[in-house]
Amino acid sequence: MNLPNKLTTIRLISVPVFIIVYLFPYESMGISIPVYDILSTELSLLDIILFVIFALSSLTDYLDGYLARKNDMITTFGKFVDPIADKLIVNCTILLLASSNRISILIPIIMISRDTIVDAIRMMASQRNVVLAASYLGKAKTMTQMIAICIILLNNVIFASIGIPMDQIMIWLATLISAISGIDYLMKNSQYIFESM
């Protein structure tokens, strides 16, 4: 297994690790999580650990693609697993954040619906031997999602002290870009859906 595929595999493994760390019943197990006061914002050790797991996972998303292209290491395994790992870490995280009321439930509904539609269009195109590349809007969606989630996991620590809800601003911006990119993708590739009507 080459290095890009190892990084992709690490990102895939990080998903269940993130879920377990997030959902583990610390209180009922008698485990006390330290809480720190940073810039007038409460930030627990658990928040920091979750941020590190997610941030490292996001970093591997950039590195595996960069190394695969640079060193001509693109493989069928990488092309198959990479988008799955990307969607799993982001979608599982936003579902967990919604379940603990840190973001609106509408956010994962919109984002996961968009991903489902885009994946269905890609599947239909691939049946005609057409590979649909990721758009700039899609890349912007991924970038804003990851930045927003990192800020949320850190309890908006830098911006809370100046009264700016940057965590909510960024996650709603990511949601808007997600919806727009999905509509754009649908309109540009509608022939694969409606050609036989």
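In this predicted model, the side chains of Arg11 and Asp61 meet in a salt bridge, with 3.8 Å from N to O. The pair joins distant parts of the chain, since Arg11 belongs to helix H1 and Asp61 to helix H2, 50 residues apart. Arg11 has a relative accessible area of 1% and is therefore buried. Asp61, at 16% relative accessibility, also counts as buried, because the cut-off is under 20%.

The table lists three of them.

| Salt bridge | N to O distance |
|---|---|
| Arg11 and Asp61 | 3.8 Å |
| Arg114 and Asp115 | 3.0 Å |
| Lys188 and Asp184 | 3.4 Å |

Side chains of opposite charge can pair when their charged atoms come close. Asp115 and Arg114 are both buried. Lys188, by contrast, is exposed, with a relative accessible area of 56%. Lys188 and Asp184 are four residues apart in helix H7, so about one helical turn separates them. An α-helix has 3.6 residues a turn, so residues three or four places apart point the same way.

**Helix H4**

How far apart are the end C-alpha atoms of H4? They are 30 Å apart, which agrees with the 30 Å that its 21 residues should span at 1.5 Å a residue. The buried residues of H4 are Ile107, Pro108, Met111, Arg114, Asp115, Val118, Ile121 and Ala125. Val118, one of these residues, has a relative accessible area of 2% and so counts as buried. Leaving out residues up to four places away in sequence, Val118 touches Gly182 and Tyr185. Val118 and Asn189 are 71 residues apart in sequence, yet their C-alpha atoms are 9.6 Å apart in space.

In soluble globular proteins, nonpolar side chains tend to be buried together. Here the largest nonpolar core has 29 residues, and those with the most contacts inside it are Phe18, Phe54, Ile103, Ile149 and Ile171. At least two residues of this core come from each of helix H1 (3-23), H2, helix H3 (76-99), helix H4 (106-126), H5 and helix H7 (166-188). H5 gives the largest share, seven residues. Ile103 is in contact with Ile94, Leu97, Ala98, Pro108, Ile152, Gln168 and Ile171, leaving aside neighbours within four places in sequence. Pro108, among these partners, is one of the buried residues of H4.

**A nonpolar patch on the surface**

Which residues form a nonpolar patch on the surface? They are Tyr36, Ile38, Leu39, Leu45, Ile49 and Ile158, with about 500 Å² of accessible area together. Strand S1 (35-38) and helix H2 (45-70) are the elements that give two or more residues to this patch. Ile38 lies in strand S1 and counts as partly exposed, because its relative accessibility is 34%.

Thr41 is placed in strand S2, residues 41-44. At 8% relative accessibility, Thr41 counts as buried. Apart from residues up to four places away in sequence, Thr41 touches Tyr36, Asn155, Val157 and Ala160. Of these partners, Tyr36 is also a residue of the nonpolar patch.

**The loop between H5 and H6**

Asn155, another partner of Thr41, lies in the loop between helix H5 (136-153) and helix H6 (157-160). Asn156 is found in that loop as well. Phi of Asn155 is near 55°, a positive value in a residue other than glycine, and Asn156 has a positive phi of about 55°. Are these two asparagines buried or exposed? Asn155 is partly exposed, with a relative accessible area of 27%, whereas Asn156 counts as buried at 6%.

**The chain as a whole**

The secondary structure of the protein chain comes to eight helices and two strands. From the N terminus on, the order of elements is α-β-β-α-α-α-α-α-α-α. The C-alpha atoms fill a box of roughly 60 × 35 × 30 Å along the principal axes. Of the 197 residues, 40% count as buried. The chain exposes about 11,200 Å², and carbon and sulfur atoms supply 70% of that area. Among contacts between residues at least 6 apart in sequence, 76% join residues at least 24 apart.

Key:
Residues are numbered from 1 along each chain as its sequence is written. This is a predicted model: local features need pLDDT of at least 70, side-chain atom pairs count only at pLDDT 80 or more; totals for chains, interfaces and linings use all residues. Side-chain values use heavy atoms; hydrogens and water are left out. Patches are made of residues with over 30% relative accessible area and no salt bridge: like charges are joined within 9 Å, nonpolar side chains (Val, Leu, Ile, Met, Phe, Trp, Tyr) within 5 Å. Accessible areas come from the Shrake-Rupley method with a 1.4 Å probe; for residues, only the protein chains shown count as cover. A salt bridge is a side-chain nitrogen of Lys or Arg within 4 Å of a carboxyl oxygen of Asp or Glu. Buried means under 20% relative accessible area, exposed over 50%, partly exposed in between (1.4 Å probe, protein chains only). Contact means heavy atoms within 4.5 Å. A nonpolar core is a set of buried Ala, Val, Leu, Ile, Met, Phe, Trp, Tyr and Cys residues joined through side-chain atoms within 4.5 Å. The expected span of a helix is 1.5 Å times one less than its number of residues.
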